[in-house]
Structures are given as C-alpha cells and as structure tokens.
Amino acid sequence: MERGTGTWTVKKGLAQMLKGGVIMDVVTPEHAKIAEEAGACAVMALERVPADIRAAGGVARMADPEIILRIMDAVSIPVMAKCRIGHFVEAQVLEALGVDYLDESEVLTPADEANHIWKHDFKVPFVCGCRDLGEALRRIAEGAAMIRTKGEAGTGNIVEAVRHMRAVQSEVRRIIHLPEDELAAAAKALGAPPELLHDVRKEGRLPVVNFAAGGVATPADAALMMQLGADGIFVGSGIFKAGQNEKTEIKKIEAQTRIAKAVVKATTHYQDAKILAEISRGLGEPMKGIEISTLKKEELLASRGW
Amino acid sequence: MLALQGDFAEHTDVVRRLGAEAIPVRLPQHLPGLHGLIIPGGESTTIVRLLDIFGLRQPILELAQRAAIFGTCAGMILLAKQATDLAQPTLGLIDIVVQRNAFGRQVDSFEAALPFKGLATPVQAVFIRAPLILKAGPAVEVLASLPDGTPVAARQGNILVAAFHPELTADTRVHGYFLGLAQESSRLC
C-alpha cells in the first residue's frame with residue numbers, strides 16, 4: 001500500500017474537519033484545557049495573546065518550543081502555532097515539533113517584507129491571513145491549505161474582520177458571474193493566479209476553508225462572521241482578555257470559560273437568534289477593545305504581508 | 001446530517017449528488033422522519049459536548065432503532081462502544097473499541113487506496129488525525145482494513161463506521177452503500 005503523507009487532500013482535509021468550530025489562542029496548558037473543555041476544535045499555542053503583543057511592543061517571534069510542547073501534551077485536540085511571515089526556519093522548527101497546523105501570521109513581526117514562505121515544501125499544513133480575494137489566492141498559490149480573514153488582531157473590535165470577510169465574499173460572488181473571457185483581466189486586477197480564479201468560479205467559493213479572525217469578542221461577533229460566510233472562527237484575545245475586572249482569579253477564569261463556551265455554541269447555532277439570545281445572557285465583561293481609528297498606521301497588523 | 005461541527009457540508013454534497021435529500025440536524029426537533037443520519041468528521045470532543053448540551057444524545061439513540069447511522073472519523077469515535085482518551089461517554093451503537101489519533105499528529109495523516117468489501121475496485125481512503133479500531137465484537141462485520149490487518153471500516157446492522165473520509169474524494173460508492181442501509185431501515189419500519 002502506498003501511503004501518501006502531506007498531500008494536498010490531507011492538508012486541506014484537516015481544515016475541513018475544523019469547520020463550524022472555534023480555534024482559541026492559548027498561552028498556557030491551563031488555558032488549553034479550558035479551551036478544550038469549552039469545546040474548541042483546536043488551539044493556537046502562543047507566548048502572548050495578540051492584545052499583549054500589541055501592549056508589549058518590540059519584535060514578536062515564534063513562541064518558545066517549551067510552551068508549545070507543554071500545550072501539545074495538555075490536550076488531545078489539534079495544536080496550531082504561529083511563525084513570522086517569511087520566516088521559513090521558524091516554520092521548519094514548528095514542523096519538527098509536530099505542530100498540527102502553522103499560521104504564517106501578521107500578528108508576529110514579519111521576517112521578510114517581500115516573500116512569504118513557499119508552503120508547498122512542508123508536510124505540515126499552513127493557514128494564512130487575507131484582506132481580500134487576491135491576497136487569499138496568492139497565499140493558496142504558495143501552498144496555504146486554509147485561509148483566515150485578518151481582521152485586526154488584539155483589538156476586540158469586529159469592524160476589520162467584517163470588512164475583510166465582506167471583501168472576500170463579494171469578490172467571490174462577482175467572479176462566479178464573470179464570463180470566462182473576462183477572468184484573465186480580473187486575475188490581473190486582483191493579482192491572483194488565473195487558474196485559481198477559474199477554480200473559484202467553478203466551485204462558487206474559495207478552494208480552501210476560510211475562517212474569520214481578528215476582533216471576535218462575543219458570541220454575537222462569532223455568529224455575525226458565520227452569517228457573513230465564514231467556515232469557522234478564530235478567537236484570540238477575546239477569551240483570555242475577558243473578565244479583567246473580576247476580583248479573584250477563580251472568578252476571572254469562570255468568566256473566560258463562560259465566554260469560551262458561548263462562542264462555541266454561537267458558532268454552531270449562528271442562524272438561531274433565540275439560542276444566541278439565551279447564550280449571550282449574563283456573560284460578564286467582555287474584553288475592553290480598541291477603536292481602530294485611535295491606532296497609528298504602523299500599529300495596524302493587517303497591513304503586514306501583501 | 002449532524003451539523004454541530006465538522007465537515008457536514010462535504011457529506012451533504014455527496015448525498016445530494018446521489019439524489020437523496022439531506023437536512024442539517026442541530027437540535028432534537030430536526031430528527032423525526034429521518035431514514036439515516038451521518039455523523040461527520042470533525043473534532044470528537046467538540047461534537048460530543050454540543051450533542052449533550054443541546055440534548056441530542058437520547059434522541060439519536062432512539063433514532064438508531066429505526067434508521068441507519070454512518071460515522072466517519074470523529075463520527076466513528078462517537079458511535080463506538082468505547083473510545084480511548086475521550087472524557088465523555090460515546091453513543092455505544094457499534095461493538096468496537098477505538099483509539100483516537102491512532103496514527104500520530106497531522107504530519108502523519110495520509111491517504112491510500114484500500115479494498116472495501118462489496119466494491120469492485122479500492123477506495124481512496126483519506127486518514128486525518130484518524131482513529132482506528134482496536135477491537136471489534138463478533139456481531140461486527142469488517143469492511144476495510146489496512147495491509148497490517150487493522151480494521152478501518154465496519155458495519156453492525158444499520159450502523160456503518162469509517163476511520164477515513166469518503167466525503168473528501170469524488171468517489172461516492174461508500175455513501176451509496178450507506179444510502180442502501182438507510183433505504184433498508186426505512187422499509188423495515
């Protein structure tokens with residue numbers, strides 16, 4: 001029997017198994033267990049959640065392998081980790097650790113301003129961020145087996161996530177209705193490979209799974225992104241930056257667990273407003289959040305990568 | 001189609017291509033009238049939690065009395081009598097013991113052509129962080145195995161399970177086999 005590992009079907013396939021689920025950022029094994037018990041379909045192992053990366057400043061790099069390995073030991077669900085844009089050696093290290101999915105992420109400080117990683121060289125699958133269809137297809141051409149809209153990580157503000165998801169979805173809808181002889185010009189305008197644009201037109205959707213990320217803080221935010229066409233949800237700071245005004249550590253963890261569970265339920269029942277109303281009740285204080293216009297241009301993470 | 005989490009849209013596509021009707025099941029009230037239920041691939045811990053939160057466990061056990069049920073990957077774990085390394089009880093509708101993530105992590109996920117009982121040519125079996133069957137009871141018929149003899153697809157009466165994902169390939173034959181079971185169950189009631 002010939003066993004094909006790291007094939008396109010297998011890479012894309014894991015993302016398909018994550019659909020309708022919530023991937024949560026975690027920084028400790030304890031967080032990872034809370035996420036798993038709340039029903040997360042995977043965790044993203046990090047040294048700091050994006051809100052803290054923002055606050056800390058400096059260069060944000062791949063997490064210490066020690067942290068990642070401890071998180072991998074703590075849970076049975078898939079574990080993802082982030083490497084810097086273009087930093088293919090961080091990617092090699094994370095692959096060697098046995099991480100299940102790599103996020104070549106704008107949340108970390110880019111290592112290469114011209115080139116993203118050539119992801120076809122890896123057995124481990126990659127997820128990459130995008131703001132529009134062209135960016136999504138450029139990443140897929142490099143080998144990304146999953147896409148997420150970027151949003152603006154660490155802000156708890158959904159506005160950029162909505163902007164990016166609407167941009168992707170409305171471009172897909174436009175492409176579906178284009179006559180074949182206009183596809184090449186559309187590909188040129190989008191900066192996207194024409195053959196992938198043909199796939200989009202034929203399938204009526206992106207060729208890989210597309211999650212929403214960057215700003216989800218409440219169950220209603222998650223359901224909003226699902227109704228806009230996301231296949232699933234990444235929650236970063238929205239969970240473990242919630243409950244900051246609780247007086248005890250136990251109360252804080254309880255508040256975070258409540259939000260985590262509610263976001264999972266909202267992602268499944270995103271079309272059922274009655275259930276959404278029920279699960280949104282009495283959750284406590286969500287993360288404070290940042291108004292995007294108060295950020296300086298160089299503080300916007302979504303503009304990293306191209 | 002159990003539509004709590006996982007690749008239920010892919011299963012829906014295959015079933016519709018075969019000319020059957022498919023509806024998403026998220027709450028107990030979606031179950032009556034079904035002739036078959038597919039529990040998709042996904043994250044078993046997530047699906048089993050949502051199943052209990054939204055009260056689907058008992059209604060699915062009752063549905064199994066009169067309809068066929070097919071589970072792929074996470075779905076197989078849920079249908080098994082016992083699953084290693086899973087905190088919650090499974091549905092226990094087929095007499096098998098399964099091991100979660102039996103092949104290792106994602107870099108060990110693979111695809112391979114495997115013979116499937118009753119089908120003329122092999123199926124392309126896609127294994128993603130897949131479970132495998134450690135033990136199968138006497139009433140269980142093994143339908144596909146790895147070359148080392150490890151069973152990866154099986155059937156007991158109206159319950160069908162596969163460790164791999166026929167919904168990720170263009171080959172509709174395994175789903176066709178399941179729709180046959182569903183039709184049989186609907187005739188019996």
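Predicted model: local features only at pLDDT ≥ 70, side-chain atom pairs only at ≥ 80, totals over all residues.
**View 1. Chain B meets chain A.** Here we look at the contact between the two chains: 40 residues of chain B touch 43 residues of chain A. Putting them together buries about 3200 Å², with carbon and sulfur atoms giving 59% of that area.

View 2. Three strands line up in the order β1(A)-β5(B)-β6(B), forming an open sheet with antiparallel pairing. At the edges stand β1 (4-5) of chain A and β6 (123-127) of chain B; each has a single partner strand, so one side of each is left without a neighbour in the sheet. Strand β5 of chain B (residues 110-114) is joined to β6(B) by five bridges, the two running antiparallel. For a landmark, find B:A112, which sits opposite B:A125 in β6(B). Packed on the sheet is α1(A), touching β1 of chain A as well as β5 and β6 of chain B, and its direction makes about 115° with that of β5(B).

**View 3. The largest cavity.** A search of the whole structure turns up three cavities of 30 Å³ or more, and the largest of them has a volume of about 200 Å³. It has 23 lining residues, and those closest to its centre are A:D25, A:A153, A:A213, A:G214 and A:G236. Two elements of chain A, β9 (233-235) and α11 (237-240), each supply at least two residues of this lining. Sorted by class, the lining of the largest cavity has nine nonpolar, eight polar and six charged residues.

**View 4. The second largest cavity.** This one holds about 140 Å³ of space. Its lining has 16 residues, with B:G42, B:E43, B:C73, B:N101 and B:R129 nearest the centre. The largest share, three residues, comes from α1(A). By class, the second largest cavity is lined by 10 nonpolar, three polar and three charged residues.

**View 5. The largest pocket.** Now for the largest pocket, with a volume of about 1000 Å³. There are 37 residues in its lining, and A:Q16, A:K19, A:R205, B:E10 and B:D13 lie nearest its centre. The elements giving two or more residues are α1 and α9 (194-203) of chain A, along with α1 (8-17) of chain B. Of these, α1(B) makes the largest share of the lining, with eight residues. The class count for the largest pocket is 17 nonpolar, seven polar and 13 charged residues.

**View 6. The second largest pocket.** This pocket has a volume of about 360 Å³. Of its 17 lining residues, B:A20, B:E21, B:H35, B:G36 and B:L179 are nearest the centre. On chain B, β1 (36-39) and α5 (173-188) are the elements that give two or more residues to the lining, and α5(B) gives the most, with five. The lining of the second largest pocket splits into 11 nonpolar, five polar and one charged.

Definitions and conventions
Residues numbered from 1 in each chain as written. Chains lettered and ligands numbered in written order. Heavy atoms only, no water. 1 Å grid on protein atoms, 1.4 Å probe; cavity = no way out; pocket = protein on both sides within 12 Å on 5 of 7 lines; lining within 4 Å. Points joined across faces, edges and corners; volume = space filled by probe spheres on them. Helix = DSSP H or I, 4+ residues; strand = E, 2+ residues; numbered from the N terminus. Nonpolar A, V, L, I, M, F, W, Y, C, P; charged D, E, K, R; others polar. Pairing = 2+ DSSP bridges. Contact = heavy atoms within 4.5 Å. Axes fitted to C-alpha atoms, helices over the stretch in contact; angles between N-to-C directions. Buried area = accessible area lost by both parts, 1.4 Å probe.
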